[in-house]
Amino acid sequence: MSFSLTDEQSMIQSAARDFAMNEVLPIANEYDPERRDIPQSLLAKLSEMGFFGITIPQEYGGLGLGCLEYCLVTEELSRAWMSVSSIIRPMLGYQAMTEAQKRTYLPKMATGEMLFAFSMSEPGTGSDISGLSTRAERDGDDWLITGNKYWCTNADGSDAILVLARTESVDKAKPHQGISAFVVEKPRGELPQGCAGAPIPKIGYFGWKTWELALDQCRVPHANMVSEPGRAFYLATSGLEVARAHTAARAIGLARGGLEDAMRYALERVQFGRPIGEFQAIRFKIAQMATDIEAARQLLYSVCSKIDTGVRCDVEAAMVKLFATEMAERVTSEALQIHGGAGYTTHHAVERYWRDARLTKIFEGTSEIQLRVISDRLLGKPAA
């Protein structure tokens, strides 16, 4: 199967590349070392480009494009600053909204007027969604949410948080059931009423804060429940193929940033009377890095093609997420090595690519989770 891009896709890729290098990279180089948040001025430019609405249907104000176009833009933005490529992601599971909810939220999401955060993880619960302990109790036309959440990125900078909470007692035979999803609206720059929190110290992924939240009878209208009551597990897992493709694209962008910076440095850095790019050790590193990136990209295009044509590809999505993220950590580490001591300073962006690449192996399911998904399909699930 050929994965060459159409003229339209090539134009989208080129426009995203120009935007990333001219608008995003200069801000990233200034803001990331200082751990500053993505500026509102850049969000406005992202809106002008239409990046927030790439996959949102045209009838709701989006571009109505597919996963491939989404990942093309994601790679380019990640090459400049992964945090920016992450902020264009629409709310998880928006397809499951009621028509009234779609009319309310999607046009605002498509323009970036409304940014969503996602709150599923808890201090004791990560990949195992069925272990959620946060509860939501009915109170007339509202729900009251109580519990502790962890790893909620951009909780303060968003306009709403999609919160997963248990609305039914745990069924030990089917613990994944009984979990519901709620849109908790709030002013941008603040946490919701009935919610306190603090940013979690991180070693990377700057540009926005990641929060630990404590909800204490946080009131949400029943109309803000997304999908059917007790079915949020399926809502959370339904978008995993796209989410893992998106993360693979982020990883490829980071790796490409490392490669391109390493190539430039290898041609400029002189040792022993000549550029280090003339030494075989450096040349072979760069050749291997470029090969690994292209292999990941072609696998990504294959997965995106399956997603866009409605072909099930949960295993292939796990494979590309696994391969691309492991590759990104390896390639950015090699890029830092080529920079030598200079690479271990904030004077060069390569250390940012390296730090952020390490995270891609963790979120959207760790590498070990991907290995489990793949091996279960190949060998069957192990006996209980």
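The model is predicted; local features need pLDDT of at least 70, side-chain atom pairs count only at pLDDT 80 or more, and totals for chains, interfaces and linings use all residues. Residues are numbered from 1 along each chain as its sequence is written, and side-chain values use heavy atoms, with hydrogens and water left out.

**Stop 1: salt bridges**

Side chains of opposite charge can pair when their charged atoms come close. A salt bridge here is a side-chain nitrogen of Lys or Arg within 4 Å of a carboxyl oxygen of Asp or Glu. By this rule the count comes to 31 salt bridges.

Select K209 and D37, whose side chains meet in a salt bridge with an N to O distance of 2.9 Å. K209 lies in the loop between strand 6 (195–199) and strand 7 (210–221), and D37 in the loop between helix 1 (7–31) and helix 2 (40–49), so the pair ties together parts that are 172 residues apart in sequence. Helices (H or I, at least four residues) and strands (E, at least two) are DSSP runs, numbered from the N terminus. K209 is partly exposed, with a relative accessible area of 31%; D37 is partly exposed too, at 33%. In these terms, buried means under 20% relative accessible area, exposed over 50%, and partly exposed in between (1.4 Å probe, protein chains only).

Next, select R256 and E76, which form a salt bridge with their closest N and O atoms 3.0 Å apart. This pair links distant parts of the chain, with R256 in helix 7 and E76 in helix 3, 180 residues apart. Are R256 and E76 buried or exposed? Both R256 and E76 are buried.

R188 is in the loop between strand 5 (179–185) and strand 6, and D159 in the loop between strand 3 (142–153) and strand 4 (160–166), 29 residues apart. R188 is partly exposed, at 29% relative accessible area, whereas D159 is buried, at 13%.

**Stop 2: the second largest pocket**

Select T55, Y94, Q95, G239 and V242, the closest to the centre of the second largest pocket among the 19 residues that line it. The volume of this pocket is about 330 Å³. Its lining has ten nonpolar, seven polar and two charged residues. Which helix gives the most to this lining? Helix 7 does, with three residues. A pocket is an open set of points on a 1 Å grid over the protein atoms alone where a 1.4 Å probe fits, with protein on both sides within 12 Å along at least five of seven lines; lining residues have an atom within 4 Å of a point. Volume is the space filled by probe spheres set on the points, joined across faces, edges and corners. Ala, Val, Leu, Ile, Met, Phe, Trp, Tyr, Cys and Pro count as nonpolar, Asp, Glu, Lys and Arg as charged, and the others as polar.

**Stop 3: an aromatic contact**

Finally, select R36, which lies over the face of Y31 at 3.8 Å from the ring centre (CZ of Arg or NZ of Lys within 6 Å of the ring centre and within 35 degrees of the ring normal).
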